[in-house]
Amino acid sequence: MAMGQRTIHSANCHCGWDNSLPPAMTIAPGETVRFECRDAGYGHFGPASVDADVRALDFARVNPVAGPVFVDGAEPGDCLKVTIGNFEPSGFGWTAIIPGFGLLADQFSEPRLHLWEYDSRAARPAMFGRHARIPLKPFAGTIGVAPAQPGLHSIVPPRRVGGNLDIRDLSAGTVLYLPVEVRGALFSVGDTHAAQGDGEICGTAIESAMDATFTFDLIKRKAPPMPRFTTPGPVTRHLDGSGYEVTTGVGPDLMEAARNAVSGMIDLLASTRGMAPEEAYMLCSVCGDLRISEIVDAPNWVVSFYFPRIVLE
């Protein structure tokens, strides 16, 4: 542990945004804090879990975040600069199809669970049964500060102040800038993932408990209108090596186009790789990327789904 680094232990977690929560720690700008992050299911799943356990998942306890941390001197209108340090993955994770949740919830109504045992250094790909090997890129799915509006707010939707962003590039070395809405900012983080595709289409990634380190600074009176971030280098190279299979959705509605692009990839993987559609759906969620390819040629837009071929080699 670095000199002067402090730790927020996993007992100090909460399952909603509430600016009345007492801080778990007070820090000065420039300090570094290590967070013990629980997985998105609050430890609901273990190595012996089965599909039926998905139905018992308590949505009131999903995406627990460690914190909050009070940053001394932070005031509404300031910018909280968060430099993301190292992640220490646990080596165990899960991906699930949760009934009623996910981009294709109407097509996949039965619970499914895939358990992962992976290299805790994230140096080797994680095995998806006999079908695929997923290069790992640990990051925090839920990261943010408390909103100004009083009361308890769901942790599930993302917000202007961050929250459940599920941006896979909020990984080691990235610098995140968040608008401060309350005194002290009240920063919390959790929902750590070992890997995820852009879109997290089935609603879950490789959900995995891990420790993560962050350094905090303040930029006075410079709050961005929404979260923004700077990456330290290329963001897709870990999957680019063998190219992509790409399916598209075309139409006047971006959500429907996204659904069609994903459905097309699930059908392609099922027909060419011998996967069950449920397997293909979960696999796409942990490594495939949704992209808006065209949004100016009215009345139709194009959404593409990129599936990296390297995971099948």
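Trainee: Which residues is Pro 89 in contact with, leaving aside its neighbours within four places in sequence?
Mentor: Pro 89 is in contact with Tyr 118, Ser 120, Ala 122, Pro 138, Ala 209 and Met 210. Contact means heavy atoms within 4.5 Å. Keep in mind that this is a predicted model: local features need pLDDT of at least 70, side-chain atom pairs count only at pLDDT 80 or more, and totals for chains, interfaces and linings use all residues. Residues are numbered from 1 along each chain as its sequence is written, and side-chain values use heavy atoms, with hydrogens and water left out.

Trainee: Is Pro 89 buried or exposed?
Mentor: Pro 89 counts as buried, at 11% relative accessibility. Buried means under 20% relative accessible area, exposed means over 50%, and partly exposed is in between (1.4 Å probe, protein chains only).

Trainee: And where in the fold does Pro 89 sit?
Mentor: In strand 7, residues 79-89. Strands (E, at least two residues) and helices (H or I, at least four) are DSSP runs, numbered from the N terminus.

Trainee: New topic. Which residues touch the most other members of the largest nonpolar core?
Mentor: Phe 35, Leu 80, Phe 187 and Phe 307 do, in a core of 65 residues. A nonpolar core is a set of buried Ala, Val, Leu, Ile, Met, Phe, Trp, Tyr and Cys residues joined through side-chain atoms within 4.5 Å.

Trainee: What gives the most to this core?
Mentor: Helix 3, with 7 residues. Apart from that core lies another, of 9 residues, among them Val 54, Leu 57, Val 62 and Ala 96.

Trainee: Why is helix 3 called largely enclosed?
Mentor: Because 8 of its 11 residues (helix 3 is residues 277-287) are buried. The buried ones include Tyr 281, Met 282 and Leu 283.

Trainee: OK, aromatics. How many aromatic pairs are there?
Mentor: The count comes to 11. Rings of Phe, Tyr and Trp (its six-membered ring) pair if their centres lie within 6.5 Å; planes under 30 degrees apart count as stacked, over 60 as edge-to-face and the rest as tilted. Take Phe 187 and Phe 214: their ring centres are 5.9 Å apart and the planes are at 55°, so the pair is tilted.

Trainee: Where do Phe 187 and Phe 214 lie?
Mentor: Phe 187 is in strand 17 (residues 187-193) and Phe 214 in strand 18 (residues 210-219), so the pair ties together parts 27 residues apart in sequence. Phe 187 is buried at 0% relative accessibility, and Phe 214 is buried at 1%. Ring pairs also link Phe 35, Phe 87, Phe 187, Phe 214 and Phe 216 into a cluster.

Trainee: What about phi for Ala 122, the one in contact with Pro 89?
Mentor: Ala 122 has a positive phi of about 60° although it is not a glycine. Most residues other than glycine have a negative phi, and most peptide bonds are trans. Ala 122 lies in the loop between strand 9 (112-117) and strand 10 (126-128).
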